[in-house]
Amino acid sequence: MVIGLTDSFAQQYRVSLLTCDPGEEIYSSFGHSAIRVLDQETGRDRVYNYGTFDFGAPNFVLNFAGGRLDYFLSVSTFDRFIAEYNYFHRSVREQELDLNQEQKLALIAFLETNYLPENRNYRYDFFFDNCATRIRDVMEEILGNQLVWHDEEQEAVDKSFRQLIDEKVFYMPWSDLGIDLALGSRLDRDATPREEQFLPEYMEEAFARAMIEGDGPTRPLVKNERVILDFQPANESLGVINPYLLFWILAIVFTAITFIGFRKKKLYIGFDLVFFGILGIIGLVMTALWLGSDIPSTKWNWNILWAFPGHLILIPGLLSKTLKPWLRPYLLFALILADAAVVFWILGWQSFHPSLIPLLLVIILRTNYLYYNVARYKLGAA
């Protein structure tokens with residue numbers, strides 16, 4: 001902990017915000033923020049990083065999915081921090097903060113106290129408590145009412161949380177699809193300028209607009225800016241195997257087998273067993289996230305309208321040699337759920353991943369076909 005530093009000693013400190021461009025892995029695809037504190041007299045150069053987590057922690061996947069994963073504040077040398085981003089070809093920019101001596105002392109003391117073993121852990125929330133928002137909150141703690149963000153100067157973006165995420169993962173289509181499947185309708189409201197700061201890029205822009213008032217002449221929070229590492233963005237592509245292409249191929253296949261089945265008076269239920277079985281399993285996962293996760297964003301997820309857990313009962317129902325009395329009513333119910341998903345999407349109650357359009361068409365097509373023909377054809381020969 002920094003204790004008893006004099007004002008003259010504090011003058012040797014240089015404090016800055018580091019903003020790092022996104023990486024190629026999903027956990028790094030949204031960028032990163034950190035605080036740099038340079039002692040210009042001794043050369044001690046440290047980076048305070050609120051974005052640290054332990055892959056090897058017990059039950060890592062379950063805790064992450066359940067919203068019970070702790071991140072922690074770590075400290076490294078500036079050289080080591082930059083070496084990592086240089087290795088992965090990720091650009092890094094620096095904004096030096098125009099803090100007075102007292103503010104620098106308070107910030108350093110806060111960070112060192114926060115770094116104590118009993119203080120460094122915190123319960124991570126991707127949207128509201130992450131590596132970027134923690135730094136914003138630290139600055140507000142130190143500067144109080146003297147820090148004015150001037151969000152009114154920001155050009156209105158009118159983007160929802162989901163749209164802000166999509167900007168970063170569009171060229172990771174499977175990851176983008178997974179995020180859209182896991183997170184519910186709460187993401188489809190417009191984020192306020194403050195809420196946009198969960199993304200380091202928007203935090204960087206907020207720092208550039210901010211002013212310090214009330215401790216002398218009003219001045220910008222950022223004294224100067226510089227680029228530390230500058231790499232050209234990688235060529236981005238959806239890849240050959242992506243959900244857009246794959247799901248449309250699937251829709252064409254199901255359309256073809258439905259047409260052939262209609263001509264030959266057969267159901268070809270083998271395709272339906274696999275298709276609705278997968279949808280049911282996805283629905284079970286989404287239900288578990290809705291009910292069992294501490295992450296608010298996994299609640300009210302209307303993807304469950306088309307990927308419904310109850311679809312699993314179609315497997316024994318379609319395999320049965322005799323027509324179960326509940327089978328046709330359930331097929332009608334599944335059709336209504338898929339239609340409801342389309343209505344929810346059109347009305348803006350929840351935005352689904354665009355690649356899901358052909359899957360919704362398949363659900364509507366097959367539930368219709370099975371509903372009108374399941375009693376007409378012999379199931380065992382389908």
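**Strand pairing and helix packing in the sheet**

In this predicted model, strand S4, which spans residues 70-77, is joined to S6 by three bridges, and the two strands run antiparallel. Within this pairing, Tyr71 is placed opposite Tyr122 of S6. Strand S4 also pairs with S3, again in the antiparallel sense, and here the pairing extends over five bridges; Val47 stands opposite Ser76 of S4.

These pairings belong to an open sheet of seven strands, whose order is S6-S4-S3-S2-S1-S5-S10 and whose pairing is antiparallel. The edges of the sheet are formed by strand S6, comprising residues 121-123, and by strand S10, comprising residues 222-229, each of which pairs on one side only. From one strand to the next, the twist averages 25 degrees.

Two helices are found against this sheet. Helix H5, formed by residues 131-143, lies across strand S1 (13-20), strand S2 (32-39), strand S3 (45-52), strand S5 (92-97) and S6, and runs at about 50 degrees to S2. Helix H8, formed by residues 200-209, likewise packs on the sheet, where S1, S2, S5 and S10 are the strands that H8 touches, and the direction of this helix makes about 30 degrees with that of S5.

Methods: Residues are numbered from 1 along each chain as its sequence is written. This is a predicted model: local features need pLDDT of at least 70, side-chain atom pairs count only at pLDDT 80 or more; totals for chains, interfaces and linings use all residues. Side-chain values use heavy atoms; hydrogens and water are left out. Two strands pair if DSSP finds at least two bridges between them. Helices (H or I, at least four residues) and strands (E, at least two) are DSSP runs, numbered from the N terminus. Axes are lines fitted to C-alpha atoms, for helices over the stretch in contact, and angles run from 0 to 180 degrees between N-to-C directions. Contact means heavy atoms within 4.5 Å.
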